[in-house]
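Please look at the structure shown here before reading on.

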Amino acid sequence: MFVPAGLHPARAERPQLNQIAQAGADLLEIGLAHHDASLDGPVIQAAYRRALSRGNVLARVLRAVEHAAGLRPTVVMTYWDPVSRHGPERLARLLADAGAVGAMVVDLPDVQAERWQAAAKAANLFTPRLVPRHLADTGLAAVAAGASGWLYAPASTAPTGYRGPLDVPALNDFTTRLRAASPLPVVSGVGISTPALAERVAPLVDAVVIGTPVVRALMTAPEQAPALTAAFAQALNPYATTETRA
C-alpha cells in the first residue's frame with residue numbers, strides 16, 4: 001500500500017499506518033513528496049503538494065518510515081530530483097537507518113543508475129526498478145540487470161490514478177517478457193483502481209501495490225482508508241482475513 005509521507009501530522013499519520021497495516025497491507029510504500037511528480041496523476045500530485053506545504057519533508061519521511069517499518073516491510077518511492085538534492089549516498093543511509101528495506105526511484109536516469117545502485121547497496125537497500133512497457137528487450141534487460149528486490153510493471157501506461165479499463169493481455173505479455181529477462185519478482189500498480197481489477201491483475205504478478213484509491217481516501221475521508229484497504233486485500237487474497245494478516 002502506497003502512502004505519501006507528511007500528508008497528515010505524525011499524530012494522525014501513525015494511527016493511519018497502523019490501521020492500513022491491520023486491514024491487510026503486507027508491505028508499506030512511503031512516498032517522498034516531489035513538486036514535479038510527472039508520472040503521477042492529480043490525486044497523488046495534490047497529496048505531494050500538501051506534504052510539501054508542511055515543510056521538513058525529509059524529516060517527515062524518515063519518521064513515517066521508522067513507524068511503518070515497525071509494522072510491515074517498508075520501501076520508499078521517490079523521484080531522482082530529491083535523491084540528487086539530498087545526495088544519493090546520504091539519503092540511502094538515512095532511509096536504511098530509519099528501517100526501510102528498499103527505495104524505488106521511478107524516473108532514475110540511466111546515467112545515474114550505477115551511482116544510485118552502489119549507494120543503495122552500501123546501505124543494504126533493495127533497488128526496485130519501474131520498467132516502462134515500451135522498452136525493447138535489450139533496454140529491458142539492462143534495467144533488470146541493475147535492479148534488486150523486484151521489478152515494477154505498471155498495469156497502465158497512464159499516470160497514477162487512471163480509472164479506465166486495463167489491457168490485461170498486454171500486461172500479461174509484458175510480465176512474460178520481464179520474467180524471461182530476470183528472476184526477480186514482478187510487482188504491478190498504476191490503474192488498479194478497484195478491488196475487481198486487483199483480482200484480475202493478481203494472477204499475473206507476484207504482488208500488487210495500491211496507491212491512488214487509498215490516497216484519495218486519506219485526502220478526503222481518512223476514516224474510510226482501512227475499509228478500502230481491506231477490500232483490496234480481500235480481493236488479492238480471498239482466503240485471508242484482516243485478523244490473520246495483521
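This is a predicted model: local features need pLDDT of at least 70, side-chain atom pairs count only at pLDDT 80 or more; totals for chains, interfaces and linings use all residues.

Residues are numbered from 1 along each chain as its sequence is written, and side-chain values use heavy atoms, with hydrogens and water left out.

**Largest pocket**

- The largest pocket holds about 750 Å³ of space (a pocket is an open set of points on a 1 Å grid over the protein atoms alone, where a 1.4 Å probe fits, with protein on both sides within 12 Å along at least five of seven lines; a volume is the space filled by probe spheres set on the points, which are joined across faces, edges and corners).
- Its lining has 42 residues, and Leu39, Leu130, Tyr152, Pro154 and Val190 are the closest to the centre (lining residues have an atom within 4 Å of a point).
- Helix H10 (212–220) is among the elements that each supply at least two lining residues, and H10 gives the largest share, 3 residues (helices are DSSP runs of H or I, at least four residues, and strands are runs of E, at least two, numbered from the N terminus).
- By type, the lining comprises 24 nonpolar, 10 polar and 8 charged residues (Ala, Val, Leu, Ile, Met, Phe, Trp, Tyr, Cys and Pro count as nonpolar, Asp, Glu, Lys and Arg as charged, and the others, Gly among them, as polar).

**Second largest pocket**

- The second largest pocket holds about 390 Å³ of space.
- Of its 19 lining residues, Asp26, Ala207, Val208, Val209 and Leu236 are the closest to the centre.
- Strand S8 (207–208) and helix H11 (225–236) each supply at least two residues of this lining, and H11 gives the most, with 4 residues.
- The lining of the second largest pocket divides into 14 nonpolar, 2 polar and 3 charged residues.
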